[in-house]
Amino acid sequence: MNMRKLLCAALAVVMVFALVACGQQNVVSNSTSEGTQAAVEATTAPEAGKPTEPTGQLVIGTTTDLENDFYDTSFSNAATNYKLYDLIHGYGTVVSDKEGAWIYDPTVVASHEEVENEDGTKTYTVTINDGLVWSDGTPITAKNYVFQLLLESSPEMNQVDGYPSQAGYPLVGYDEFFAGETKNFAGVHLVDDMTYSVTVKAEELPYHYDITYALARPRPMHIIAPECDVVDAPEGATITGDFTAELLMKTINDSKTGYRYNPSVVCGPYLFESYDIASRQGTLVVNPNYAGDYRGVKPMIEKIVVKTVKSDTMINELASGSVDLLFQSSGADTINAGLDLVDQGKAQYSTFFRNGYGKVQFDCSQFPTDSENVRKAIAYCLDRNEFARQYSGGYAAVVHAYYGLAQWEYQESKDWIDQNLNTYEKNIEEAKKLLEEDGWNKNADGSDYSGTGTRYKEVDGQLKPLVIEWANTDGNPVSELLATMLPEAMAEAGMELKATTMDFPTLISGIDHTSDKIYNMYNLATGFALASSPWYYYSTDPAWMQAGYNSNWIVDEELAAAAEVLKPIAYEDDEAWLAAWQNFIDVWNDKMPDIPLYSDEYYDFYSNKLHGWESTSVWEWSRAVLDAWVEA
């Protein structure tokens, strides 16, 4: 058992205590996140009384709006949508288990084989179990898995709202296939009706999460490409028939009937029933054809409703019964109100550390936050300890780089972090010094900077002001607190902060560079995927920026190289990984692509009618719901 699983097992029996504030890949609005190692204190009922058939309804409240997008994270990586993908789309060949380890899913996979080839490539061959079916009863075969790899690597799919088409990125022949130079994908083969194989490029090996190279998820070809087929050839698998971008724009992207907005045939534990655009509320119903997760567990809750709640009223909604579950709650006001409800016997709770952090995220492609000195100067204008104290009331800790409290790397590196990372304590004089070094030494009229007002810098013969455009969301306590703490301090240093408040989808479009305006900074929260891959998140390859992985749009060779070192380290080699991880966050801490604000202790609060609830930072609500049930 490696350090990841050891720490997870140890933390699972430790009561979480409130952390005093002391001195990354789906995106959320400072209230929800993704997960890894956990500490859990749960108040759940015993298995007695669990129904034998699905029954009842669970209303889940989320502070991050559910968007009208149900295909996968490449179209939208908003946290709430990310979890609904898990519930709707199932049967991935490789999954993470309850301890966070990557495994082949025995419900899906009958057998698998890995072969290292003489040319340095590696071939994974996977055979699918008989008997799996789509929600409409159509059999699932290896063709559905090969279709997914071809579809989501194709230039045709790339034309559907810029879908990144990177499913087969590490595989032999991807570059030629994506470029449209060939219709056959050399690294993907349909071996027989129930078997497929993929061959990984030599340059993509070794790889820290190498088992995930075998991962494919089925797509319903009879719905997305009804007149097409998948066939194999010595040159690789291909899609035959009238497979065009025009077809996909109709079957996937039609606003009413497209699979992206109305996934009518799925294979997850739940079926998509409806989405209300006005309220951003989604409804799922149990899939009677679902064979179970990797343990064979099937859902026992008949209907799930996901609705948007506000931070300042969501505990009242739980008390009134208009919601049944509030997941990953954070901040002192919410947590203390929830615990009061628990003390009154009106709710239950579980708690665990966050595998992620709240942050101010910079767009490093935009002037003037393309400057490392400007980003650092902004960091020096914020008292992060006071921010965390006011925001969390003791239920969070300040972090200084790309890590969260739940990570085993952090647990092993506390002393090292204290000794090596810059904590960026509030220091306006240091901010001024950095700006002067960066050339911000002019007034608006071109004279030497007077020491007050907005600084200017001569760029390509023009004077430009030091104005920071900040995008934030309405009703967000983090936004409100930043708005009270940052502007005056930044003005003292010679910076002007311009705030624009918007809804979350509009903010995301700015980050993705798909909106009319791009901002310098955004306040968000992020959670780390179990296969967290900083070598993609900080890659200088434009493909990873356009795909949403490098959402900072930062081009920094030193940071990219520090992240890249992690990629080939064996999954079991904790010692080598930890050393490389420490170097990476040391470099990250110096580059400041984000200002890390806090990492929380999370609380799930839920109705007394919900039983069997056990979520952690590696087993989040979309997985935990399969073990839970509600009283009739």
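This is a predicted model: local features need pLDDT of at least 70, side-chain atom pairs count only at pLDDT 80 or more; totals for chains, interfaces and linings use all residues.

Modeller: A residue is buried under 20% relative accessible area, exposed over 50% and partly exposed in between (1.4 Å probe, protein chains only). Numbering starts from 1 along each chain as its sequence is written, and side-chain values use heavy atoms, without hydrogens or water.

Across the whole structure there are 48 aromatic pairs (Phe, Tyr or Trp rings, six-membered for Trp, with centres within 6.5 Å; planes under 30 degrees apart are stacked, over 60 edge-to-face, the rest tilted). Among them, Y402 and W588 form a tilted pair, because their ring centres are 6.5 Å apart and their planes at 45°. Y402 lies in the loop between β17 (396–397) and α12 (408–420), and W588 in helix α19 (residues 574–591), so this pair ties together parts 186 residues apart in sequence. (Helices, H or I of at least four residues, and strands, E of at least two, are DSSP runs numbered from the N terminus.) Y402 and W588 are both buried.

Helix α19 also carries W577, whose partner W535 is in helix α16 (residues 534–537), 42 residues apart.

K201 lies over the face of Y169, 5.2 Å from the ring centre, and the charged end of K464 is 5.1 Å from the centre of the F367 ring.

Elsewhere, 4 strands make an open antiparallel sheet in the order β5-β6-β8-β7 (strands pair if DSSP finds at least two bridges between them). The edge strands β5 (109–116) and β7 (188–192) have a single partner each, so one side of each lacks a neighbour in the sheet. The twist from one strand to the next averages 20° (axes are lines fitted to C-alpha atoms, for helices over the stretch in contact; angles between N-to-C directions run from 0 to 180 degrees). β5 pairs with strand β6 (residues 122–128) over 7 bridges in the antiparallel sense; in β6, T123 is the bridge partner of V115. Helix α3 (residues 142–151) packs on the sheet, touching β6, β7 and β8 (195–200), with its direction at about 175° to that of β7 (contact means heavy atoms within 4.5 Å).

As for confidence, the chain's mean pLDDT is 91, with 93% of its residues at 70 or more. Residues 4–46 have pLDDT below 50, yet this stretch has 184 contacts in the model beyond near neighbours in sequence.

Definitions and conventions
A charge sits over a ring if NZ of Lys or CZ of Arg is within 6 Å of the ring centre and within 35 degrees of the ring normal. pLDDT is the predictor's confidence in each residue, from 0 to 100.
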